[in-house]
Amino acid sequence: MNERLSETANRLIAGERLREADFRLLAAVPDKETGERLRAAAVAARERVYGRDVYVRGLIEISNHCKNNCLYCGIRRDNRALERYRLTPGEILSCADEGYRLGFRTFVLQGGEDGYYTDKLLCDLIFRLKSRYPDCAVTLSLGERTDESYRLLFAAGADRYLLRHETADAAHYARLHPGEMSFENRMRCLYTLRVIGYQVGAGFMVGSPFQTAGTLAKDLYFIQEFSPDMCGIGPFLPHRETPFAAYPAGSLRLTLHLLSVIRLIQPNVLLPATTALATADPRGREKGILAGANVVMPNLSPVKVRKQYELYDNKACTGEESAQCKNCLSQRVASVGYRIVTDRGDVKK
Ligand code: SAM
């Protein structure tokens with residue numbers, strides 16, 4: 001066993017703030033004994049804040065049109081093989097109606113950066129959603145927009161915003177994105193969202209090309225310093241129509257280990273067991289919960305478009321109706337001793 005690692009793990013478990021150099025030690029799969037100690041401490045930390053409750057978010061993938069060309073992403077602008085779609089406000093409301101009936105109290109509207117969704121259209125939609133379902137939270141995950149746009153959407157009733165930072169290392173960011181995209185702007189957006197009053201989600205892919213223990217240490221340090229309300233992490237999975245088609249997928253074991261580390265950095269964080277985790281391993285969601293995750297995001301999108309929102313190859317859960325998807329997840333969560341609750345699932349401060 002590595003003594004420095006073991007001692008750093010103890011400090012993390014004790015709730016100490018760590019330096020970037022400490023996180024470098026925690027940025028790789030540890031020996032079995034240390035890994036199990038971290039996992040057990042993460043589960044205990046999660047249970048102290050959230051008990052055995054797991055929150056569900058109804059994910060509505062509103063559009064696969066995107067003006068960006070992220071090198072890893074299957075819905076990037078240059079993927080000409082992809083059949084594009086976008087949902088109308090009416091279709092999105094129908095998905096939410098179905099979700100409400102199934103017990104969802106958070107709707108996540110996610111999509112590529114698509115100019116069709118103007119501030120006006122989105123504000124009307126959010127206003128209608130919140131008027132119809134005042135007991136629900138609306139989460140947006142629509143990429144980088146102007147400060148003014150973020151303000152208007154918040155004023156219309158949006159509660160949360162998910163914007164993964166992707167990597168906290170500027171040079172790494174530049175290798176994952178084309179030159180027209182900027183690390184500084186992505187980070188600036190996160191701080192702006194926080195100031196406006198959103199519950200904010202950051203996050204990153206595990207095993208993205210050119211990621212190192214050094215870049216991961218920066219991600220973990222950033223999470224400690226920024227304290228996002230939510231943190232989405234999942235393995236990088238290659239997509240055949242992207243420049244990263246030939247890169248290997250991220251490691252499931254490292255993803256699970258990092259879920260535990262993030263839970264310990266911030267015990268109250270809302271941490272999803274992502275679809276990418278479920279794609280990497282048939283029991284990925286259950287393993288995620290056993291590593292410290294407390295959120296699952298079943299798909300509420302119309303079945304006919306689910307395959308088209310393909311960020312990576314072989315995406316899980318694209319064939320089922322929403323009700324089936326929810327039932328399947330409830331059973332999976334119950335199988336490891338947790339329960340899905342009907343609740344907005346806000347972050348506990
Ligand atoms: N356009 C919005 C944005 O930029 O935040 C939301 C949609 S974007 C497709 C959602 C997330 O999918 C990204 O933040 C990224 O981390 C993840 N993603 C994209 N391609 C992926 C891949 N090949 N493997 C795993 N995750 C991927």
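Me: Hi! Which residue in E9 does aspartate 53 stand opposite?
Reply: Aspartate 53 stands opposite arginine 339. A quick note first: this is a predicted model, where local features need pLDDT of at least 70 and side-chain atom pairs count only at pLDDT 80 or more, while totals for chains, interfaces and linings use all residues. Residues are numbered from 1 along each chain as its sequence is written, and side-chain values use heavy atoms, with hydrogens and water left out.

Me: How many bridges pair E1 with E9?
Reply: Strand E1 (residues 53–56) pairs with E9 over 3 bridges, in the parallel sense. Two strands count as paired if DSSP finds at least two bridges between them. Strands (E, at least two residues) and helices (H or I, at least four) are DSSP runs, numbered from the N terminus.

Me: What order do the strands take in that open sheet of 3?
Reply: The order is E8-E1-E9, with parallel pairing. Strand E8 (295–296) and strand E9 (339–341) are the edge strands, each pairing on one side only.

Me: And what's the order in the open sheet of 6 strands?
Reply: That one runs E2-E3-E4-E5-E6-E7, again with parallel pairing. Strand E2 (58–63) and strand E7 (230–235) stand at its edges with a single partner strand each, so one side of each has no neighbour in the sheet. From one strand to the next, the twist averages 20°.

Me: Which helix packs on the sheet by touching E3 and E4?
Reply: Helix H5 (residues 119–132) does, and its direction makes about 155° with that of E4. Angles run from 0 to 180 degrees between N-to-C directions, and axes are lines fitted to C-alpha atoms, for helices over the stretch in contact. Contact means heavy atoms within 4.5 Å. Helix H10 (residues 252–265) also packs on the sheet, touching strand E6 (199–206) and E7, at about 165° to E7.

Me: Switching to helix pairs: at what angle do H6 and H8 pack?
Reply: Helix H6 (residues 147–155) and helix H8 (residues 183–196) pack at about 35°, with axes 10 Å apart. On the H6 side, the contact is made by Asp147, Tyr150, Arg151 and Phe154. H8 brings in Arg188, Cys189, Thr192, Leu193 and Ile196.

Me: Now the ligand. Which residues come nearest?
Reply: Tyr72, Gly111, Arg164, Glu166 and Leu237 come nearest, out of 18 residues around the ligand. A residue counts as near if one of its heavy atoms lies within 4 Å.

Me: How far is the polar side-chain atom of glutamate 166 from the ligand's oxygen atom?
Reply: The distance is 2.5 Å. A polar backbone atom of leucine 237 is 2.7 Å from a nitrogen atom of the ligand.

How values were computed
Polar contact = N/O pair within 3.5 Å; in protein donor to acceptor, adjacent residues only side chain to side chain.
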